[in-house]
Amino acid sequence: MNDKSQIKRLYSMAGALGLVESGNKDDPFHQLVYGITNKSSVKELTAKESKDVESELRNRMNAGDSKIQKKKKTKATQPGMMNAGQISKAWAIMYELNNISPAANDASVSDRMYGAIKKILAITPNMKEPFRWVSFEDGNKLIETLKKYVANAKKKGAS
């Protein structure tokens, strides 16, 4: 069980990244938490799970994924390209896949996402902005294929 200061820290970091939407329990932050821990509430996280979520938030902050830069990216985003909701969903599914079936070669979740984009969409992703060249339609294709990967991983785990 987390203490209040840890919960506040997670929300603060997520807020700085622009992942928190007030009153929305299905916002990108909660999708990230669910993708990493399979828990829908931040209050339910164990100390280790909190550290895992915090680590991912720090990685995103260090990668320059701040709220200010997101606003700039939003302005620069071309119509018809993958939107923030699709991107959050793709990451949540990838984290869920990583929880069910960790990479055999210790590849990071980011590496797996780059590989998935390259394989599914035949696009060589930018390492800092993997979704930069992904269209809205391709984003849907990526999400649906990742969902199939998760379903197959669950089937393999059940058998």
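Visitor: Which helices each supply at least two residues of the lining of the second largest pocket?
Guide: In this predicted model, the lining includes Met94, Arg112 and Tyr149. Three helices each provide two or more of the lining residues: helix H5 (84-100), helix H6 (109-121) and helix H7 (136-158).

Visitor: Which helix gives the most to the lining of the second largest pocket?
Guide: Leu146, Tyr149, Asn152, Ala153 and Lys156 are among the residues that line this pocket. Helix H7 covers residues 136-158. The greatest contribution to the lining, with 5 residues, is that of H7.

Visitor: How much space lies in the second largest pocket?
Guide: Rolling a probe the size of a water molecule over the atoms shows where empty space is left. For the pocket lined by residues including Gly115 and Ala116, the space comes to about 260 Å³.

Visitor: Which residues touch the most other members of the largest nonpolar core?
Guide: In soluble globular proteins, nonpolar side chains tend to be buried together. The largest nonpolar core here has 35 residues, and the members touching the most others are Phe29, Leu57, Met113, Leu142 and Leu146.

Visitor: Which residues is Met113 in contact with, leaving aside its neighbours within four places in sequence?
Guide: Met113 is one of the core members that touch the most others, and so are Leu142 and Leu146. Helix H1 (4-16), H2, H3, H5, H6 and H7 each supply at least two residues of this core. With neighbours within four places in sequence set aside, the contacts of Met113 are Ala90, Trp91, Met94, Phe131, Leu142 and Leu146.

Visitor: Why is H2 largely enclosed by the rest of the structure?
Guide: A residue counts as buried when its relative accessible area is under 20%. The buried residues of H2 include Pro28, His30, Leu32 and Thr37, and the buried residues of this helix pack against H1, H3 and H5. H2 is largely enclosed because the buried residues in it number 9 of the 10.

Visitor: How far apart in space are Val20 and His30, C-alpha to C-alpha?
Guide: Val20 is found in the loop between H1 and H2, while His30 is one of the buried residues of H2. Val20 itself is partly exposed, with a relative accessible area of 32%, and its contacts beyond four places in sequence include Tyr11, Asp27 and Phe29. In sequence Val20 and His30 are 10 residues apart; in space, from C-alpha to C-alpha, the distance is 7.9 Å.

Visitor: Are Glu56 and Arg60 buried or exposed?
Guide: Both lie in helix H3, 4 residues apart, about one turn of the helix, and they form a salt bridge whose closest N and O atoms are 2.9 Å apart. The relative accessibility of Glu56 is 13%, and that of Arg60 is 12%. Since the limit is under 20%, Glu56 counts as buried, and Arg60 likewise is buried.

Visitor: Is Glu96 buried or exposed?
Guide: Glu96, in helix H5, has contacts beyond four places in sequence with Tyr34, Gly35, Asn38, Val150 and Lys154. The side chains of Glu96 and Lys154 meet in a salt bridge (3.3 Å, N to O), a link between H5 and H7 across 58 residues. Lys154 is partly exposed at 45% relative accessibility; Glu96, at 14%, is buried.

Visitor: How many salt bridges does a search of the whole structure find?
Guide: One of these pairs is Glu49 with Lys39, and another is Glu56 with Arg60. Over the whole structure, the search gives a total of 8.

Definitions and conventions
Residues are numbered from 1 along each chain as its sequence is written. This is a predicted model: local features need pLDDT of at least 70, side-chain atom pairs count only at pLDDT 80 or more; totals for chains, interfaces and linings use all residues. Side-chain values use heavy atoms; hydrogens and water are left out. On a 1 Å grid over the protein atoms alone, a cavity is a set of points where a 1.4 Å probe fits but cannot get out, and a pocket is an open set with protein on both sides within 12 Å along at least five of seven lines; lining residues have an atom within 4 Å of a point. Grid points are joined across faces, edges and corners, and a volume is the space filled by probe spheres set on the points. A salt bridge is a side-chain nitrogen of Lys or Arg within 4 Å of a carboxyl oxygen of Asp or Glu. Buried means under 20% relative accessible area, exposed over 50%, partly exposed in between (1.4 Å probe, protein chains only). A nonpolar core is a set of buried Ala, Val, Leu, Ile, Met, Phe, Trp, Tyr and Cys residues joined through side-chain atoms within 4.5 Å. Contact means heavy atoms within 4.5 Å.
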